[in-house]
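This report covers a ligand site and the pocket around it. Which residues surround the ligand, and which are the closest?

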Amino acid sequence: MADLAERGHGSAQRDPRVIVALDVPTAAEALAFARRVTPALCRLKVGLELFTGAGPGVVGELAARGFDVFLDLKFHDIPTTVARACAAAAGLGVWMLNVHALGGVQMMQAARDALEKGSARRPLLIGVTVLTSHGAHTLSEIGVETDPATQVLRLAGLAHQAGLDGIVCSALEAGIMRVRFGTGFVVVTPGIRPAGTAADDQQRTMTPLAAVGQGADYLVIGRPITQAPDPVAALEEINIQLRAPF
Ligand code: C5P
């Protein structure tokens with residue numbers, strides 16, 4: 001299987017929109033993927049599984065290879081704890097990190113203030129609204145009786161008020177985020193499924209091109225790339241689709 005360097009970087013972008021979710025258990029597997037792609041083709045997301053299994057060192061190793069790393073640990077705790085965790089994450093050299101907007105304005109402001117005090121390059125701070133695996137039924141189960149879009153808007157408003165750089169939401173809500181908060185507010189959308197791929201446990205999904213058409217800045221894509229028979233080809237195909245005018 002040829003890597004993208006051998007394929008001549010046919011789908012390279014100056015500002016790649018795809019953030020590949022490295023949902024793998026070991027640093028070796030994450031680095032094996034990173035060796036086959038380049039920072040011009042994708043950004044990389046380190047989430048709970050990889051961070052817990054491999055430790056923070058893997059973040060530094062990916063960053064040292066020139067990749068923008070999104071540390072997706074979705075902090076949600078008392079303001080002081082979250083602020084300190086954010087400062088620690090900034091020290092790892094991450095490009096983006098996130099907190100749950102459900103933690104409230106005070107928690108999000110504490111996170112932002114901690115990053116602004118840091119001497120390292122300030123990472124983008126993003127608020128998670130409603131998980132893309134949650135639909136109306138699962139929201140109701142946890143006592144939220146509003147529909148997902150209304151809840152996303154509410155939480156995104158809190159993130160905006162707290163001075164965060166943007167939010168994570170499903171692509172179904174990306175358009176309304178653009179209208180409400182303008183282009184300066186970063187919209188990150190997981191739950192992306194190229195046509196013909198399995199939805200897995202995601203409920204609110206959209207294709208890559210449609211998501212960008214709705215106003216998504218960055219697309220978090222995991223299994224459709226990492227579980228594809230040829231992951232690099234799957235990434236390249238998505239990048240090519242995203243070059244189409246919309
Ligand atoms: O494999 P798949 O494309 O569904 O992966 C989506 C990734 O995005 C996972 O790593 C998941 O943790 C993350 N994510 C999500 N929904 C959010 C925030 C992050 O699915 N709201």
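## The shell around the ligand

A residue is near a molecule if one of its heavy atoms lies within 4 Å of it. The ligand is surrounded by 17 residues, the closest being Asp-23, Lys-45, Arg-193, Gly-222 and Arg-223. This is a predicted model: local features need pLDDT of at least 70, side-chain atom pairs count only at pLDDT 80 or more, and totals for chains, interfaces and linings use all residues. Residues are numbered from 1 along each chain as its sequence is written, and side-chain values use heavy atoms, with hydrogens and water left out.

By class, the shell holds 8 nonpolar, 3 polar and 6 charged residues. Here Ala, Val, Leu, Ile, Met, Phe, Trp, Tyr, Cys and Pro count as nonpolar, Asp, Glu, Lys and Arg as charged, and the others, Gly among them, as polar.

## Polar contacts and burial

A polar contact is a pair of N or O atoms within 3.5 Å. Asp-23 places a polar side-chain atom 2.7 Å from a ligand oxygen. Lys-45 also has a polar side-chain atom 2.7 Å from an oxygen atom of the ligand.

Taken alone, the ligand exposes 460 Å² (Shrake-Rupley method, 1.4 Å probe). The protein buries 88% of that.

## The pocket

A pocket is an open set of points on a 1 Å grid over the protein atoms alone, where a 1.4 Å probe fits, with protein on both sides within 12 Å along at least five of seven lines; lining residues have an atom within 4 Å of a point. The largest pocket holds about 550 Å³ of space. Its lining counts 28 residues, with Asp-23, Lys-45, Asp-72, Lys-74 and Gln-202 nearest the centre.

Note on methods
A polar contact is a pair of N or O atoms within 3.5 Å; within protein, one must be able to donate a hydrogen and the other to accept it, and residues adjacent in sequence count only if both atoms are side-chain atoms. Grid points are joined across faces, edges and corners, and a volume is the space filled by probe spheres set on the points.
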